[in-house]
Amino acid sequence: GKGMTEESASRSIKLGFSNKSGQLGEFGLGLKTASTFMGKRFTIITTQTGDPNEYVLTFDEDEWLADGDWAKYPFTIRHDQPIEKTGTSVVIERLKVKVDEKIIENLREELSIRFGPFIKNGRLELIVNDQKEEPKEPRLIGDKKEFNLSGEGFHIKGWWGYQLRRYRGYHR
């Protein structure tokens, strides 16, 4: 993505805050809910192209529950960052689920397929356990079907296909 400004970064961690209406993110809970579902601590690191500042926010579930002040979160501004740097990273720590190598491999494969187009065009860098992942194509039943749609003010080009069903991390 394009990263966040200081203001949008500080709002991103507040429960229930959103400027969106009738779209994904409308209730202001997704980032927090998804991250705390997976781990007890998460850190958001974000900056926009041209901004020499990087904004770092950390949510720690145990500290948050013990402190009682649900409106304050550690917020750090790192100055003098490369101005060409852009995007947002979310680092999830102290996982709530026991993870073995099979789960990690399934996660790598699933994320590499799901976000493959974004990895391929350089819009996303996916790193799992310090290992950069390469984009993967989904396993399809049959061939890809190309499409090209145009209308007033829009143009969409791509492909579609039927993905092979996954069952407990294994392809059938």
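This talk describes the nonpolar core, a surface patch and several salt bridges of one predicted model.

Good morning. The largest nonpolar core has 10 residues: M4, A9, I13, F42, I44, Y55, L57, F59, W64 and Y73. Strand 2 contributes the most, with three residues.

Which residues does F59 contact, leaving aside its neighbours within four places in sequence? They are I13, T36, K40, R41, F42, W64 and Y73. Among these, I13, F42, W64 and Y73 also belong to the core.

I turn now to the surface. Here F37, M38, L95, V97, V99 and I103 form a nonpolar patch, and together they have about 570 Å² of accessible area. L95 lies in strand 4, which covers residues 87-95. Its relative accessibility is 51%, so L95 counts as exposed, the limit being over 50%.

Next come the charged residues. Side chains of opposite charge can pair when their charged atoms come close. The structure holds 15 salt bridges, and I shall present three of them.

In the first, E61 pairs with K40, with the closest N and O atoms 3.2 Å apart. This pair links distant parts of the chain, since E61 is in helix 3, residues 61-67, and K40 is in strand 1, 21 residues away. Is E61 buried or exposed? With a relative accessible area of 15%, E61 is buried, whereas K40, at 25% relative accessibility, counts as partly exposed.

E61 also forms a salt bridge with K96, where the closest N and O atoms are 2.8 Å apart. K96 sits in the loop between strand 4 and helix 4, and 35 residues separate it from E61. At 39% relative accessibility, K96 counts as partly exposed. Salt bridges that share partners join K40, R41, D60, E61, D62, E93, R94 and K96 into one network.

K85 is in the loop between strand 3 and strand 4, while E54 is in strand 2, 31 residues apart. K85 is partly exposed, with a relative accessible area of 36%, but E54, at 2% relative accessibility, counts as buried.

Finally, P82 is also placed in the loop between strand 3 and strand 4. P82 counts as partly exposed, at 40% relative accessibility. Thank you for your attention.

Note on methods: Residues numbered from 1 in each chain as written. Predicted model: local features only at pLDDT ≥ 70, side-chain atom pairs only at ≥ 80, totals over all residues. Heavy atoms only, no water. Core = buried A, V, L, I, M, F, W, Y, C linked by side-chain atoms within 4.5 Å. Buried < 20%, exposed > 50% of the residue type's maximum accessible area, 1.4 Å probe, protein only. Helix = DSSP H or I, 4+ residues; strand = E, 2+ residues; numbered from the N terminus. Contact = heavy atoms within 4.5 Å. Patch = residues over 30% accessible without salt bridge, like charges linked within 9 Å, V, L, I, M, F, W, Y side chains within 5 Å. Areas by Shrake-Rupley, 256 points an atom, 1.4 Å probe, with all protein chains shown as cover. Salt bridge = Lys/Arg side-chain N within 4 Å of Asp/Glu carboxyl O.
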